[in-house]
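Student: I've got a structure to go through with you. Can we look at what the words actually rest on?

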Amino acid sequence: MLFYLIGYMGCGKSSIGREAARRLGWRFVDMDREVERMHGMSVAEVFARLGEAVFRKSERTVLEELAAGGEDVLVATGGGAPCCGDNMHLMQTSGKTIYLKLSPEKLVLRLKPCNTNRPKLAGMDREQMLAYIRENLPAREGVYEQAAMTIDCDRLSDDAIASYVVEYVRHHVPVAHAVVQE
Ligand code: S3P
């Protein structure tokens, strides 16, 4: 069964996903890393050299392969992936979606300022990121909010968020799939 972590850049999809997958004994896939592997270059380079359209097409390919695979996988999606084409529909029909919801104020605290591998936020300091996210998040939130489960992360530790993810997965998989590994 597939479980997709969705949410804005910096919400913790990758770090929390990796930890939750470890506790579950499940395979973990980070979509951004898969796209990087596909092209042999970083996300920033894919954007710069091949363009965002190629990046989005590659994300879609990764999703289609996962959806067709039928494996137990916990997936960290890219922040823009659910908002592109009918990706959200593909995720909803091939698995369960979990939205890691954070306010813009909390997101900027998690994001590294002047990071170069997030083309959308490249070179921005915290104040610029906050302005950008406040402007950009509402449009995406309409899609994120369609998730099967939303975890309101603002007041939770990463450890607690990972526990909620693990609990949700265990609750939704047939017993035969659930490997307990703590
Ligand atoms: C993007 C988010 C990034 C990455 C790319 C575009 C976006 O993923 O896919 O830089 O449009 O929000 P993270 O959410 O893992 O940073």
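Student: What makes α2 and α4 count as meeting?

Tutor: Contact means heavy atoms within 4.5 Å, and by that rule M31, D32, E34, V35, M38 and H39 in α2 meet V54, F55, S58, E59, T61, V62 and L63 in α4. The residues of this contact divide into seven nonpolar, three polar and three charged. Mind you, this is a predicted model: local features need pLDDT of at least 70, side-chain atom pairs need 80 or more, and totals for chains, interfaces and linings use all residues. Numbering runs from 1 along each chain as its sequence is written, and side-chain values use heavy atoms, leaving out hydrogens and water.

Student: Why is α2 called roughly perpendicular to α4?

Tutor: The axes of α2 (residues 31-39) and α4 (residues 52-69) cross at roughly 110° and come within 9 Å. Roughly perpendicular covers 65 to 115 degrees, so α2 is roughly perpendicular to α4.

Key
Axes are lines fitted to C-alpha atoms, for helices over the stretch in contact, and angles run from 0 to 180 degrees between N-to-C directions. Helices (H or I, at least four residues) and strands (E, at least two) are DSSP runs, numbered from the N terminus. Angles under 35 degrees count as roughly parallel, over 145 as roughly antiparallel, 65 to 115 as roughly perpendicular and the rest as oblique. Ala, Val, Leu, Ile, Met, Phe, Trp, Tyr, Cys and Pro count as nonpolar, Asp, Glu, Lys and Arg as charged, and the others, Gly among them, as polar.
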